[in-house]
Amino acid sequence: MSKAREPTKGTEVGAVTLWGFYASSCTWRVRLALGLKGIPYEYKALNISNGEHKSEEFKKVSPLQYVPAVEVDGAAIADSMAIVMYFEEKFPDKRPLLPVDLLARATVRQVMYLIGANIQPLQNLGCLKEIEALAGPEERFKWAQDHINIGFTALEQLLKKAAGKYTVGDELTLVRTNLPSFSIACKFSR
């Protein structure tokens with residue numbers, strides 16, 4: 001059995017290329033994390049409205065052809081949560097965005113996943129089109145709204161216990177990078 005090892009941490013940032021779409025809340029999640037940590041990057045804009053993300057060039061970076069994706073350290077990483085966690089773990093001393101306390105750290109992750117995996121996907125156009133195809137146009141918005149409200153109710157209960165000066169505790173955390181997803185989901189809330 002192989003032993004777990006400490007991740008390789010860095011102090012120097014190599015070239016970072018962020019592929020994204022200006023209206024993607026997931027792209028904004030990465031942009032915010034990079035900005036908060038002071039990590040410079042080159043931005044490659046893709047217009048997913050006209051299918052630019054379906055190019056063979058981008059498929060090499062993101063096999064699912066979803067935005068965002070980054071190229072860094074000779075590799076490609078797709079999925080906004082994986083990207084922000086990579087930079088947090090690679091550069092923990094560059095404006096730390098996870099608390100030192102393990103329970104607070106778990107709470108930050110719980111909030112991030114609640115928004116990023118349970119609330120935000122339901123507002124995406126692809127998901128809404130599938131709902132419409134299965135249940136009809138009149139159910140599309142209602143179904144998304146009902147399930148997003150369930151997520152908001154759970155989020156509210158969690159944050160009542162965790163909030164301090166900021167969303168979780170008294171320090172700025174990765175939760176801040178979920179604000180674009182949260183604000184878009186608010187359109188669906190009652």
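I will go through three places in this predicted model: helix 1, the pairing of helices 3 and 4, and the loop residue Leu-122. Residues are numbered from 1 along each chain as its sequence is written. Because the model is predicted, local features need pLDDT of at least 70 and side-chain atom pairs count only at pLDDT 80 or more, while totals for chains, interfaces and linings use all residues, and side-chain values use heavy atoms, with hydrogens and water left out.

Let me start with helix 1, residues 25–37, where helices are DSSP runs (H or I, at least four residues) numbered from the N terminus. Gly-38, which follows helix 1, has a positive phi near 70 degrees.

Turning to the pair, helix 3 (residues 80–90) and helix 4 (residues 102–119) pack at about 160 degrees, with their axes, lines fitted to C-alpha atoms over the stretch in contact, 12 Å apart. That makes helix 3 roughly antiparallel to helix 4, a term for angles over 145 degrees. In contact (heavy atoms within 4.5 Å), Met-81, Val-84, Met-85 and Glu-89 of helix 3 meet Arg-109, Met-112, Tyr-113 and Gly-116 of helix 4.

Finally, Leu-122 sits in the loop between helix 4 and helix 5 (125–135) and is buried, at 14% relative accessible area. Leaving aside neighbours within four places in sequence, the contacts of Leu-122 include Cys-127, Trp-143 and Ile-148.

Notes
Axes are lines fitted to C-alpha atoms, for helices over the stretch in contact, and angles run from 0 to 180 degrees between N-to-C directions. Helices (H or I, at least four residues) and strands (E, at least two) are DSSP runs, numbered from the N terminus. Angles under 35 degrees count as roughly parallel, over 145 as roughly antiparallel, 65 to 115 as roughly perpendicular and the rest as oblique. Buried means under 20% relative accessible area, exposed over 50%, partly exposed in between (1.4 Å probe, protein chains only). The expected span of a helix is 1.5 Å times one less than its number of residues.
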